[in-house]
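Biologist: I have a structure open on my screen and would like to learn how to read it. Could you take me through it, feature by feature?

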Amino acid sequence: MKIHFTGTHAGYASKFGQTTGFVIESDNELIVVDVPENTQQLIQQMNLSLSKITVICITHMHLDHIAGLISLLSTLLTNNSSQKISLLGPAGLQAYVDFYLKFILLVPQPASLQIIELNPLQRLDFEHFSLQTVNLKHVVTCLGYFFDFKSTNILFALDTNLNVNKEELQQLKNVQWFVTECTFKSEQINKCESSGHSCPKFISEIQEMMKPAQIIVSHIRREYQQINSAPKIKEIKATRSILGEEMEFDVYVAEPLAFCQIK
Ligand SMILES: [Zn+2]
């Protein structure tokens, strides 16, 4: 199993990198978590097949997390109308997709597309995994997703101020892969507070508290993650620093088009 990174930036794309998104690749399916602009092309650049997408999860409705959703859906619905897709996300998602179906594609919602607006602490069971939503602290309604595959589990907690979300996250025991965000440096705690984001200090505190087996960090501001050449497909290695700050534990810092082998 792998977690691929479509993009890793916070807020805005750079010359070579998109905003934050993930694809979980398991034996038989692809699960997309957030859909930056250009996601359909990025997935194909990673040599993955769009026809294997079964579930798309949206954390929140900010544009850097959904800008590629309509074009991805358009391709999936037009190319293979029998492909069953579950689209999950917060309130507002149905209306967002309805606008496109009604005024642009001019068709009713196809039976193959299931849209579910989720509340925090909701649980859903799929054929190969279950998932539970977590209430995150951001400036708009934002859902964390805890995926429980039989062989491993993954918690996506972004965008969020991890400092405010300690209690919610503490409920989740034995997290194997903790995927989170680091928009700012630790000296910018005020910005974290006002915009509902995180920094290396918050990640250290959550690591100390939850002791997840592995941590992946993404959603990094462009100026802290200079990407100066076209991204390449490669496996990420663990390091001991985030945004140039030293950590006391191993951490995987996401890079566009790269992946983590998670089992
Ligand atoms: Zn964001």
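Predicted model: local features only at pLDDT ≥ 70, side-chain atom pairs only at ≥ 80, totals over all residues.

Biologist: Which residue in the hairpin of β13 and β14 takes a positive phi?

Modeller: That is Leu243, with a phi near 50°. The hairpin has two residues between its strands.

Biologist: Now the open sheet. What is the order of its seven strands?

Modeller: Reading across, the order is β6-β5-β4-β3-β2-β1-β15, and the pairing is mixed. At the edges stand β6 (113-117) and β15 (259-261); each has a single partner strand, so one side of each is left without a neighbour in the sheet. Neighbouring strands are turned by 15° against each other on average, ignoring direction.

Biologist: How do I see what "mixed" looks like here?

Modeller: Compare pairs of strands. β1 (residues 2-7) pairs with β15 in the antiparallel sense, over three bridges, and there Lys2 has Gln261 of β15 as its bridge partner. β4 (residues 53-57) and β5, by contrast, pair in the parallel sense over three bridges, with Ile56 partnered by Leu87 of β5. β5 and β6 are parallel too, over five bridges, and Ser86 stands opposite Gln114 in β6.

Biologist: And how should I think about side chains along a strand?

Modeller: As a general idea, side chains in a regular strand alternate between the two faces of the sheet.

Biologist: Which unit do β5, α4 and β6 make?

Modeller: They make a right-handed β-α-β unit. Helix α4 (residues 93-105) packs on the sheet and touches β5 (85-89) and β6, its direction making about 145° with that of β6.

Biologist: What about the interior? How do I read a nonpolar core?

Modeller: The general idea is that in soluble globular proteins nonpolar side chains tend to be buried together. In this model, the largest nonpolar core has 69 residues, and Ile216 and Val217 touch the most other members. Strand β9 (residues 142-149) gives the largest share of this core, five residues.

Biologist: Which residues does Ile216 touch, not counting those up to four places away in sequence?

Modeller: Ile3, Trp177, Val179, Tyr252, Ala254 and Cys260.

Biologist: Take a residue in a loop, Thr183. Is Thr183 buried or exposed?

Modeller: Count the C-beta atoms around the residue; 20 or more others within 10 Å make it buried. Thr183 has 26 within 10 Å, so it is buried. Thr183 lies in the loop between β11 (177-181) and α6 (189-195). Leaving aside neighbours within four places in sequence, its contacts are Ala10, His197, Ser198, His219, Ile220 and Arg221.

Biologist: Last one: how do I find the buried face of a helix?

Modeller: Look down the axis and see where the buried residues point. In α3 (residues 69-79), Leu69, Leu72, Leu73 and Leu76 are buried. Their directions fall within an arc of 95°, so they line one face of the helix. Thr78 and Asn79, on the other side of α3, are exposed.

Biologist: And what covers the buried residues of α3?

Modeller: The cover includes α1 (39-45), β4, α2 (63-66), β5 and α4.

Key. Residues numbered from 1 in each chain as written. Pairing = 2+ DSSP bridges. Helix = DSSP H or I, 4+ residues; strand = E, 2+ residues; numbered from the N terminus. Axes fitted to C-alpha atoms, helices over the stretch in contact; angles between N-to-C directions. Contact = placed C-beta atoms within 7 Å. Right-handed = clockwise from strand over helix to strand, strands pointing away. Core = buried A, V, L, I, M, F, W, Y, C linked by C-beta atoms within 7 Å. Buried ≥ 20, exposed ≤ 12 C-beta atoms within 10 Å, placed from the backbone. Arc of directions from axis to C-beta.
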